[in-house]
Amino acid sequence: MAKEKKIKEPIKVRQKPLQNGNISLYLDIYRDGKRTYEFLKLYLIPERTKEDKEKNRQTMQLANSIKSKRIVEMQNGEYGFKSEFATDTLFYPYYRAMCQKRLGAESRGNWGNWFSCLHHLLIYDKNEKLTFADITQAWVQGFHDYLENEAVAWAHDYRTRIKDKPLARNSKLSYFNKLRACLNQAFEDRIIPFNPARNVENFKAEEGTRMYLTIDEVRKLAQTECEYPRIKAAFLFSCLTGLRRSDILKLTWGEVHQQGDFTRIIFRQKKTQGQEYLDITPQAAELMGERGKPNEQVFQDIHSPSCTNKAIQEWVLRAKIDKKITFHCGRHTFATMMLDLGTDIYTVSKLLGHRELTTTQIYAKVMDKNKQKAVANIPNILHKDEE
């Protein structure tokens, strides 16, 4: 009797062990000589009880059900039915459209990061006819490796330099996150069936130094003349309120209200789009100057970030403060000042408009007085105690 020929399945359920002991399930798809993967966000857990075994059985059943559905979709595509995903969409025009959409809607710095990422993508793969079907997990891993090992700062600056400067760790993280965001959006738009960047390890953020001024240094600045009075007022206002430069620049008199003895600012954060209600002190209100019309900006004559920061640095040097201070340091100053005065971290987080408490905890690390007390208690070991 002739042996029945076994038909090879174009899609198989595979397993990938994870560090936490679970097993991730994914589909191994082989078609037209190309292999792709779809990670299902389904996980098998260690089987310690009957309930664990039953849960894994149901998880495998769901994975096989998805596999069967994908096989049918593949067959329908082969017989002329339209695929439910537009994977033949060109990648670079799609990415450029995302850049353009962010221009004016987000901070100039964030838009600049999107644009810089585009330059690095084009260095990594110059193929303008690149489609989303070409962007596999291996392709994404290749871009990650390029950022890690080859990419240099100012890669799109064609001026001659003495030597190339490797990308900073946080720049690598930022650029890779832009690609991930683009692929996530493509998934939402049903261009791709899954995000090929999902299982590529991301870069770890490098904790930066948060430069700030002490209360005495802020007093010193307030008593020192600045060449640009409105820059001085805006920066001190940031030190007393914690507002970002972008929110200070767009603040209008219509957003400033009197609530009893307090002046309250009701505004929407430019960065997070969160609605905020911030009470400010009389001295912060004094810095705003004479009240204008509702649609008028409170702080005017504040020029570009580079010009503003240059004026602030000259002002700081005039006050004989040896620190590199930018406008954003006003926000850091407010946060550390609040913690130094004994304000609890939850309240400081709310005053800063942080969405996550972990963001505020960075300031708590800077102003950890318990560490100072602990170090101060170390006994004298170098000199004899005076009798």
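**Stop one: a lysine in a helix**

Start by selecting Lys67, which sits in helix H1 (residues 50-78). Keep in mind as you go that this is a predicted model. Is Lys67 buried or exposed? Its relative accessibility is 11%, and because anything under 20% counts as buried, Lys67 is classed as buried. Now show what surrounds Lys67: setting aside neighbours within four places in sequence, it is in contact with Glu9, Ile11, Lys12, Val13 and Leu27.

**Stop two: a three-stranded sheet**

Next, colour the strands S1, S2 and S3. They form an open sheet of 3 strands, in the order S1-S2-S3, and the pairing is antiparallel. Which strands stand at the edges? Select S1 (11-17) and S3 (34-44): each has a single partner strand, so one side of each is left without a neighbour in the sheet. Turn the view and follow the twist, which averages 30° from one strand to the next.

What holds strands together in a sheet? Strands pair through backbone hydrogen bonds, either parallel or antiparallel. Here, zoom in on S2 (residues 23-31) and S3, which pair in the antiparallel sense over 9 bridges.

**Stop three: a hairpin**

Move on to strand S4 (residues 256-259) and strand S5 (residues 262-268). These two pair in the antiparallel sense over 4 bridges. Select Gln258 and you'll find Thr263 of S5 standing opposite. Then click on the turn: the hairpin of S4 and S5 has 2 residues between the strands, and Gly260 takes a positive phi near 65° there.

**Stop four: two helices crossing**

Last, show helix H7 (residues 229-241) and helix H11 (residues 329-340). Their axes come within 6 Å and cross at roughly 30°. Angles under 35 degrees count as roughly parallel, so H7 is described as roughly parallel to H11. The crossing of H7 past H11 is right-handed.

Which residues make the contact?

- From H7: Phe235, Ser238, Cys239, Leu240 and Thr241.
- From H11: Cys329, Gly330, Arg331, Thr333, Phe334 and Met337.

Colour this set by class and you'll get 6 nonpolar, 4 polar and 1 charged residues in the contact of H7 with H11.

Note on methods:
Residues numbered from 1 in each chain as written. Predicted model: local features only at pLDDT ≥ 70, side-chain atom pairs only at ≥ 80, totals over all residues. Heavy atoms only, no water. Axes fitted to C-alpha atoms, helices over the stretch in contact; angles between N-to-C directions. Parallel < 35°, antiparallel > 145°, perpendicular 65-115°, else oblique. Left-handed = near helix turned anticlockwise from the far one by under 90°. Contact = heavy atoms within 4.5 Å. Nonpolar A, V, L, I, M, F, W, Y, C, P; charged D, E, K, R; others polar. Pairing = 2+ DSSP bridges. Buried < 20%, exposed > 50% of the residue type's maximum accessible area, 1.4 Å probe, protein only.
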